[in-house]
Amino acid sequence: MYQPRHFEQTAPEQLAALMQAHPLAMLMHTDANGELQADPVPLLWQPGETPGTGWLTGHVARANPLWQAAEGQSVLAVFQGPQAYVSPNWYATKQTAGGKVVPTWNYAVVQARGRLQTFTEREPLLALLHALTDAHEANQPHPWSVDDAPADYVDSLLKAIVGFRIEVTELQGKWKVSQNRPAADRTGVAHGLAALPETPAQAAAMAGLVAGNAP
C-alpha cells in the first residue's frame with residue numbers, strides 16, 4: 001500500500017479499534033491457478049502480548065475453496081473504515097489559492113498480513129462461533145447466543161464450516177483524513193462533511209476523524 005508518512009497510522013489501539021468496528025474484511029489470497037481471489041469474511045481480532053501483534057480468526061463454508069487454496073499461504077486482510085468524498089468548496093484556502101484546489105477522497109484503512117492455518121475440530125470451531133456471536137451481539141437489547149439454537153442443529157452447522165487463524169506478521173494503517181491540509185482547510189472539511197443533508201454515517205464518522213486532526 002502506498003504510504004505517505006503523514007497518513008501513516010501506527011497506534012495499535014487505533015488499528016484494533018478500526019478492525020473491531022469494521023470487522024468485514026476483504027481476505028485476499030492466490031488460488032491454485034495463480035489467480036488473485038478476494039472473499040468478504042468477518043474476522044475477529046485477538047491482540048497478542050506485544051502491541052501490534054495478534055491473531056485474526058474466522059470461518060468459511062466448507063464448500064468455499066478458500067480454505068484449501070490458502071492453507072499455509074500468506075494472505076492479506078483489508079479492513080475498510082470510514083470514507084467520504086471531499087469537496088474543494090470546503091477548503092478555506094480556495095479563496096487564496098487562485099482556484100488551485102481539487103477534490104479528493106478521505107478514508108481510513110487497515111491491512112493485515114499473515115499465514116493462514118485452518119482447523120476443523122468441533123471444540124475450537126464452537127469456541128470461535130461463540131466468540132464471534134458474543135462480539136457482534138453485545139449491543140443488542142437481548143443478545144442472541146449460540147446456545148439458543150438446538151444442539152443438534154449447531155452440530156450440523158459445525159460440519160459445514162472450516163475455521164482458520166491468521167497470525168498477523170504485519171499490520172499497516174492509513175488514515176487519509178486531510179492531515180496534509182492547513183488547519184483552516186481541515187476545519188472546513190469537518191464542517192462540510194457534518195453539514196451534508198441527511199449526513200450518512202460514513203461522512204459523519206470521517207468528520208470526526210478530520211476534526212480530531214485539527215489542532
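## Overall make-up

A residue is called buried under 20% relative accessible area, exposed over 50%, and partly exposed in between, with a 1.4 Å probe and protein chains only. Buried residues make up 41% of the 215 residues in the chain. The model is predicted, so local features need pLDDT of at least 70 and side-chain atom pairs count only at pLDDT 80 or more, while totals for chains, interfaces and linings use all residues. Residues are numbered from 1 along each chain as its sequence is written, and side-chain values use heavy atoms, with hydrogens and water left out.

The chain has 6 helices and 8 strands; helices (H or I, at least four residues) and strands (E, at least two) are DSSP runs numbered from the N terminus. In order from the N terminus, the elements read β-α-β-β-β-β-α-β-β-α-α-β-α-α. Along the principal axes, the C-alpha atoms fill a box of roughly 70 × 45 × 35 Å. Of the contacts (heavy atoms within 4.5 Å) with a separation of 6 or more, 74% are accounted for by residues 24 or more positions apart.

## Helix 3 and helix 4

Helix 3 (residues 122–137) and helix 4 (residues 151–158) have axes that come within 10 Å and cross at roughly 105°. Helix 3 is therefore roughly perpendicular to helix 4. Axes here are lines fitted to C-alpha atoms, for helices over the stretch in contact, and angles run from 0 to 180 degrees between N-to-C directions. Angles of 65 to 115 degrees count as roughly perpendicular, under 35 as roughly parallel, over 145 as roughly antiparallel, and the rest as oblique.

Helix 3 contributes Arg 122, Leu 125, Leu 126 and Leu 129 to the contact, and helix 4 contributes Val 154, Asp 155 and Leu 158. By class, the contact has 5 nonpolar, no polar and 2 charged residues. Nonpolar covers Ala, Val, Leu, Ile, Met, Phe, Trp, Tyr, Cys and Pro; charged covers Asp, Glu, Lys and Arg; the others, Gly among them, are polar.

Asp 134 also lies in helix 3. This residue is partly exposed, at 44% relative accessibility. Its C-alpha atom is separated by 13 Å from that of Leu 43, 91 residues apart along the chain.

## Aromatic rings and charges

A pair of aromatic rings is described by the distance of the centres and the angle of the planes. Rings of Phe, Tyr and Trp (its six-membered ring) pair if their centres lie within 6.5 Å; planes under 30 degrees apart count as stacked, over 60 as edge-to-face and the rest as tilted. The count by this rule is 1 aromatic pair. Tyr 85 and Trp 105 form it, edge-to-face, at 5.8 Å centre to centre with 65° between the planes. The pair links distant parts of the chain, 20 residues apart: Tyr 85 is in strand 6 (residues 74–86) and Trp 105 in strand 7 (residues 104–119). Tyr 85 is partly exposed at a relative accessible area of 40%, and Trp 105 is partly exposed at 45%.

Two arginines are placed over rings. A charge sits over a ring if NZ of Lys or CZ of Arg is within 6 Å of the ring centre and within 35 degrees of the ring normal. Arg 165 lies over the face of Phe 119, at 4.1 Å from the ring centre. For Arg 181 over the face of Tyr 91, the distance from the ring centre is 4.1 Å.

## Trp 67 and Thr 118

Trp 67 is found in helix 2 (residues 66–69) and is buried, with a relative accessible area of 17%. Beyond its neighbours within four places in sequence, Trp 67 is in contact with Val 60, Ala 61, Arg 62, Thr 118 and Val 162. Trp 67 and Thr 169 are 102 residues apart in sequence and 19 Å apart in space, C-alpha to C-alpha.

Thr 118 is in strand 7 and counts as partly exposed at 24% relative accessibility. Not counting residues up to four places away in sequence, Thr 118 touches Trp 67, Glu 71, Val 162, Gly 163 and Phe 164. Asp 39, 79 residues apart from Thr 118 in sequence, is 16 Å apart from it in space, C-alpha to C-alpha.

## Two loop residues

Ser 178 is placed in the loop between strand 8 (161–176) and helix 5 (183–194). Its phi is near 70°, a positive value in a residue other than glycine. Ser 178 counts as buried, at 2% relative accessibility.

Pro 197 is in the loop between helix 5 and helix 6 (201–213) and counts as exposed at 71% relative accessibility. Pro 197 and Phe 164 are 33 residues apart in sequence and 42 Å apart in space, C-alpha to C-alpha.
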